[in-house]
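Thanks for coming. I have one structure to go through today, and I will keep it short. Please have a look at it first.

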Amino acid sequence: MSKIETTADRAVPARRSASGTFARIARYTLVRGLTLVITVIIGVYLAILIANGGGYVDKIREGQIREQISLSIAGNEALRDMTMQERREYEQNLVAIELSRRGLDQPFMVRSFRYLWNGLTLDLGSAEYLLSDSGSRQVRSILGERLGPTLLLMATGQLLLFFTSVFFALFLSRRYGSVIDRIVVAMAPTSAAPAWFYGIFLILIFAGLLGWLPFGGMVDAPPPPSPWLRALSVIKHLVLPVGAIVISSIFYTSYYWRTFFLIYSSEDYVDMAKAKGLPSGAIERRYVLRPTLPTIVTSFALTLIGLWTGAIVLETVFGWPGIGRLTQMAINLFDTPVIVGTVVIYAYLLALTVFLLDIVYAIVDPRVKLGGGERRS
Amino acid sequence: MTRLANLFRELRSYPSAVAGVSVIVIMVIIAIYAMVTIPYSEAVRLWRGGDNVWLETPRNARPAWINNFRREKLPESIIMKTTEDPSLKTVMDLGGGLATSDMLFEFDYYYDAFPSEISMFFTAQFKSARPNVSIKWVTPDGREIRLTDLTVRQSESYRISQDSAVSRRLGGVLPEKGLFADPNDPSKVNKGTYQVVVEGLVFEEGSTLDGSLIVYGQVHGLAGTDHRRRDIMVALLWGTPVALAFGLLAAVGSSLTTMTLAAAAVWFGGWIDYAIRRINEIVMILPLLPILIMVGLFYSRSIWAILGVVILLSIFGSGILTYRSMFLQVKQSGYIEAARAYGASNARIIFRYMVPKVIPVLIPQFVAQVPNYVFLEATLAVLGLGDPVLPTWGKLLNDAYTSGALFNGHYYWVLEPAFLLVVTGLGFAMLGFALDRIFNPRLRGL
């Protein structure tokens, strides 16, 4: 009963108090933005705490510095004449200089807040071991270099997946019970495996056995000189990872949304709309798609969030030079600035996604009343 | 009880549920079998024991049953030891402490492919004078090839495959190929009975000499071996209980708490909803996998520590938003209003009216989550963060991946753990889908 009212009355109150709605949206946006900023700060600080292992990593790094310096002293011909005492002092001195150069002489709490500020302002300093492809030590340029490929891969894959599955799901809900519908239902459990898992099989079949597509990487080595050929080569390298993303989820998402559409099309108000004689396209848009929109938006935003973190293994398996693979490399090298950098980037991207989700959600679901009833009921 | 019986009766009418349940039952049986036949400590020893445990198995051998599908038969390992078969050794006392200790290793070789390696191992007991051996290779057509002369330490290994002198004598081919090659066509195996003749000489009273010959094959056991000669079967078997435990515990632990929290958050609203949403936002902003990787790297690689973090993070993870959006709609329903009107308590409304409403959605999600967590373990292992002691499916994949199994054509190495992962995942997922329809009457016809 209430549902019919809300869908039908949706536009009316908005028209009645347009300026009030705008003010509410503005205030709401501001509040949400502020809370998100605080959230990001807490999230990044937590990440920094974890990334430093409570100071444990510092000890490892200090040990590495000591070892490097004592090795370089032992191999230095000019220092042969020094006495043991002198040499030890010299070594201590060098270690102290190196420690203060890397800021390791300050207590961890002080450093963690410095890391936090630097991280939040994206002033990520220089990496300890990793270099960018252009040879820079700046974390920012290392990350910047990697962001593009990740965006390319994940955006292509996820957008393709999202739109194909929504339309496929609508198509299926229209003719449920048909052969293709049954096949999709039967195939839905295959989505239990993640994308990288299908990636392994795709590599096995199309790179290993058939040799049609490359095993991994983003462009041929050496890259073709002309931009068109280079783009073609990138597309060739994209096919398998994007294929893995789509294959891994298409059946489940289609099944899930089709079921949602079917449930909503068996509601009384849909029957009523049919009885009123509305065309089926209008019923689908206004009475089926409309109430399922919040769920679909949520699920798409979650897909986007999965997009960022899901990249790590997929990129590792395919040798795709993106943020995910960088994260893995940084973690293997204990390169704390880069790890913190990737986590900050992830945090910002995720915060942005959540922010957009909030706004879109408020717009598409009129029952979540802005600034009113929803929270204070 | 009758409800359970009804459930089973209904399940039986769904073929996918029957398949799923049977897969799960088989997996449980395998898990129990693995834990009974290979106790935990034995599994760890077999997997982490070091080279001595794996000495007698070939490297990167394919599963033995592959021969049933091939016209050209691949060799299995041939292992002959004088300690186990004393008839291989003849000892003759020459007086004055001097004695010969000859060994004759005779074996038939009718395979169509060359072995992967040939090695000999000697053990000797002596006080000061080390025994001497001279080793000769006799081919089926009677050619004699001198291999080497050795003075044997307490334990001596002679890797024929790595003896460059033998290789030179054979005209520059690898010994394991040259020694077995047909003289007329070096690419073919000369089938027949081979002999390895060892003439041993000990110089002291009471001194003994024993030897063994291992012709490493190209196939081994039911599952083959990896790059470190380990039998993959051990990891396949032991991966089963680990995967099941990890998947089930994580799914149960996270989904129930998440749902209850989401219902409470929506129902009470106010600061509870606010706090839960804020925590959720922080958790959402923490990238799960990097966090898990960092925990694995800096704190503990133990699979159970990781499990704890997974549950902790996924309680407030994305699921809570999905449930929340469902509960928000549920909360607007007329029957909740009716319940409130007749004065139902908060707990009653949450547990009797709100939670049951989304249970139909929870059931498939819960069962569908099991494979997700099974694969999460594999994911972490593929990133090199598997449990350090336990052999698991994910670690097999990781080993295969890092040693370029796909690139080198060792497909079995990837396919076996992948097959088990898929079967387990499918089992739970199929059951979940069938349960979905049973618990959700609206879906029944769909």
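Of the 446 residues in chain B, 45% count as buried. Keep in mind that this is a predicted model.

Overall dimensions next. The C-alpha trace of chain B spans about 110 × 45 × 40 Å along its principal axes. In secondary structure, chain B has 15 helices and nine strands. As for contacts in chain B between residues at least 6 apart in sequence, 74% of them join residues at least 24 apart.

Now the cores. The largest nonpolar core has 165 residues, and A:Ala347, B:Leu397 and B:Leu421 are those with the most contacts inside it. Helix 6 of chain B, residues 232-268, gives this core its largest share, 20 residues. Another core lies apart from it and has 30 residues, including B:Tyr111 and B:Val198.

What does A:Ala347 touch, leaving aside its neighbours within four places in sequence? On chain A, the contacts are A:Val40, A:Gly43, A:Val44 and A:Ala47, and on chain B, B:Ile285.

That brings us to the interface. Here 49 residues of chain B are in contact with 57 residues of chain A. On the chain B side, helices 7, 8, 10, 12, 14 and 15 each supply at least two residues. Helix 15 of chain B provides the largest share, ten residues. Sorted by class, this side of chain B has 35 nonpolar, ten polar and four charged residues.

That is what I have; questions are welcome.

How values were computed: Residues are numbered from 1 along each chain as its sequence is written. Chains are lettered from A and ligands numbered from 1 in the order in which they are written. This is a predicted model: local features need pLDDT of at least 70, side-chain atom pairs count only at pLDDT 80 or more; totals for chains, interfaces and linings use all residues. Two residues are in contact if their C-beta atoms, placed from the backbone, lie within 7 Å. Helices (H or I, at least four residues) and strands (E, at least two) are DSSP runs, numbered from the N terminus. Ala, Val, Leu, Ile, Met, Phe, Trp, Tyr, Cys and Pro count as nonpolar, Asp, Glu, Lys and Arg as charged, and the others, Gly among them, as polar. A residue is buried if 20 or more other C-beta atoms lie within 10 Å of its own, exposed if 12 or fewer, and partly exposed in between; C-beta atoms are placed from the backbone. A nonpolar core is a set of buried Ala, Val, Leu, Ile, Met, Phe, Trp, Tyr and Cys residues joined through C-beta atoms within 7 Å.
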